[in-house]
Amino acid sequence: MGEEVKVFGYWASPYSYRAELALKLKGVSYEYINEDIFGNKSDLLLKYNPIHKKVPVLLHNGKPIVESLVILEYIEETWKQNPYLPQDPYDKATARFWIKFIDEKCFPTLWLAAWSPENEREKVTNEACEYLKTLESALNGKKFFGGETIGMVDIVASSVGYFIRVTQEIMGLNLLSADKFPQLFQWSEDFANCSIVKESLPPRDKLLPFVKGLIAKYQQDNAKA
Amino acid sequence: MAGELVLLDFWPSPFGMRSRIALAEKGIPYEYREEDLRNKSDLLLQMNPVHKKIPVLIHNGKPVCESVIQVQYIDEVWHDKAPLIPSDPYQRAVARFWVDFIDKKIYELGSKIWKTKGEEQANAKKEFIECLKLLEGELGDKTYFGGESLGYVDVALVPFYSWFYAYEKCGDFSIEAECPKMIAWVKRCMQKESVAKSLPDQEKVYEFILHLKKVFGIE
């Protein structure tokens with residue numbers, strides 16, 4: 001039953017992480033290839049994702065699947081154990097709604113809030129807080145967005161619950177705080193404490209200096225401009 | 001049974017058109033309600049409090065927002081009639097990829113074509129054509145993106161055809177000259193009643209764009 005599963009990713013990428021977590025939740029073994037996305041992308045990556053040229057790429061028996069959300073849906077449909085999307089079409093539509101919200105609004109705005117120059121930061125931060133408030137309402141008293149166990153919304157929200165929290169620590173921002181968003185904060189703690197999540201997240205002590213370096217370079221490049 | 005399904009929509013919205021086509025393809029009756037976007041109804045604000053946007057599909061009183069989510073929902077609930085999304089996971093992933101591509105590129109680039117001038121407009125036109133050519137490549141020799149019948153990618157893309165005339169007039173170019181295969185595909189789609197009845201007249205859309213330009217003070 002030889003099944004070839006490969007992930008082309010980047011260790012610090014929140015998008016790449018989604019694909020890996022999904023495979024781990026399903027208990028699917030895969031080969032991980034770390035791409036040098038800031039330096040030289042491999043020929044294989046460019047072959048498998050010619051349009052966007054990005055990670056993650058999932059390769060299943062030689063066939064490439066790209067874009068993290070497309071990958072997550074594919075993994076769910078291909079490996080039926082430990083489902084992370086609801087079966088009911090309406091509940092599924094609701095999950096997809098929150099996934100889109102996180103991906104298109106919540107995460108990008110939070111990321112921007114960390115990177116924005118001082119004079120623009122307040123406006124973006126206010127917007128980000130509104131989005132966090134809305135995201136918190138989606139939890140609705142549940143432990144995870146998926147209910148008692150991690151669902152696809154949780155997988156996608158890892159970009160907010162973990163990667164953004166690390167970034168804001170560097171920037172001295174306190175957006176996702178326990179007192180402002182107690183439910184969401186608790187969710188991010190519970191999520192990061194799941195054993196499967198804990199062992200697969202890029203370690204904080206490696207991620208912190210990396211993001212610091214990225215931000216410093218960005219600020220440097222923009223100071224020159 | 002029409003009371004069960006309501007579509008809150010706005011006539012020129014390509015996103016609304018997607019759901020109209022999906023419902024028509026499956027022969028599902030529904031109530032169409034036109035929203036005045038300058039004066040949104042209480043129902044719209046209640047059913048889509050997060051984005052306050054159309055289209056919203058209300059099924060048995062419960063809202064489904066976002067056009068791609070609606071089309072998937074419609075396909076899943078009424079799965080026995082005219083399936084739009086492939087059943088094979090890999091084919092589904094390919095279809096989802098292209099719908100994502102259309103969502104990321106076509107609307108935004110099209111908007112730039114009618115909203116901007118000079119270099120910004122020229123760049124938008126160039127990229128717009130490049131994207132259509134990539135889509136032509138994906139279509140290949142198939143009748144539709146979905147193969148022999150209309151599929152998810154067809155439903156996601158064809159609504160933008162109603163805006164092509166407006167793009168061409170504002171951008172002073174011919175989409176057919178650059179992408180004849182795309183227009184040939186459009187014409188095949190337009191022969192289907194579900195598509196022809198869901199798309200507004202191109203001239204009407206162009207008038208609407210001209211009106212918007214005036215309102216926004218765009219020359």
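The model is predicted: local features need pLDDT of at least 70, side-chain atom pairs count only at pLDDT 80 or more, and totals for chains, interfaces and linings use all residues. Residues are numbered from 1 along each chain as its sequence is written, chains are lettered from A and ligands numbered from 1 in the order in which they are written, and side-chain values use heavy atoms, with hydrogens and water left out.

Chain A holds an open sheet of four strands with mixed pairing, in the order β2-β1-β3-β4. Helices (H or I, at least four residues) and strands (E, at least two) are DSSP runs, numbered from the N terminus. Two strands pair if DSSP finds at least two bridges between them. In chain A, β2 (31-34) and β4 (63-66) stand at the edges with a single partner strand each, so one side of each lacks a neighbour in the sheet. Neighbouring strands of this sheet are turned by 20° against each other on average, direction ignored. Axes are lines fitted to C-alpha atoms, for helices over the stretch in contact, and angles run from 0 to 180 degrees between N-to-C directions. Strands β1 (residues 5-9) and β3 (residues 57-60) of chain A run antiparallel and are joined by four bridges. A:Val7 stands opposite A:Leu58 in β3(A). Helix α1 (residues 14-25) of chain A lies across β1, β2 and β3 of chain A, at about 155° to β1(A).

The loop between α2 (43-48) and β3 of chain A contains A:Pro56. The peptide bond from A:Val55 to A:Pro56 is cis, with omega near 0°. A:Lys53 is also found in the loop between α2 and β3 of chain A. Phi of A:Lys53 is near 60°, a positive value in a residue other than glycine.

Chain B has an open sheet of four strands, ordered β2-β1-β3-β4, with mixed pairing. Strands β1 (residues 5-9) and β3 (residues 56-59) of chain B pair in the antiparallel sense over four bridges. B:Leu5 stands opposite B:His59 in β3(B). Helix α1 (residues 14-25) of chain B packs on the sheet and touches β1, β2 and β3 of chain B; its direction makes about 155° with that of β1(B). A cis peptide bond joins B:Ile54 and B:Pro55, with omega about 0°. B:Pro55 lies in the loop between α2 (42-47) and β3 of chain B.

The two chains meet at an interface. There, 25 residues of chain B are in contact with 23 residues of chain A (heavy atoms within 4.5 Å). The chains bury about 2,200 Å² between them, 70% of it on carbon and sulfur atoms. Buried area is the accessible area (1.4 Å probe) that two parts lose on being put together, summed over both.

Six salt bridges cross the interface of chain B and chain A (a side-chain nitrogen of Lys or Arg within 4 Å of a carboxyl oxygen of Asp or Glu). B:Glu76 and A:Arg96 meet through their side chains in a salt bridge (3.0 Å, N to O). On the chain B side, β4 (62-65), α3 (67-77) and α4 (89-115) each supply at least two residues that touch chain A. The most come from α4(B), with 11 residues. B:Arg96 and A:Glu73 also meet in a salt bridge (3.4 Å, N to O). B:Arg96 lies in helix α4 of chain B and A:Glu73 in helix α3 (residues 68-78) of chain A, so the pair joins two chains.
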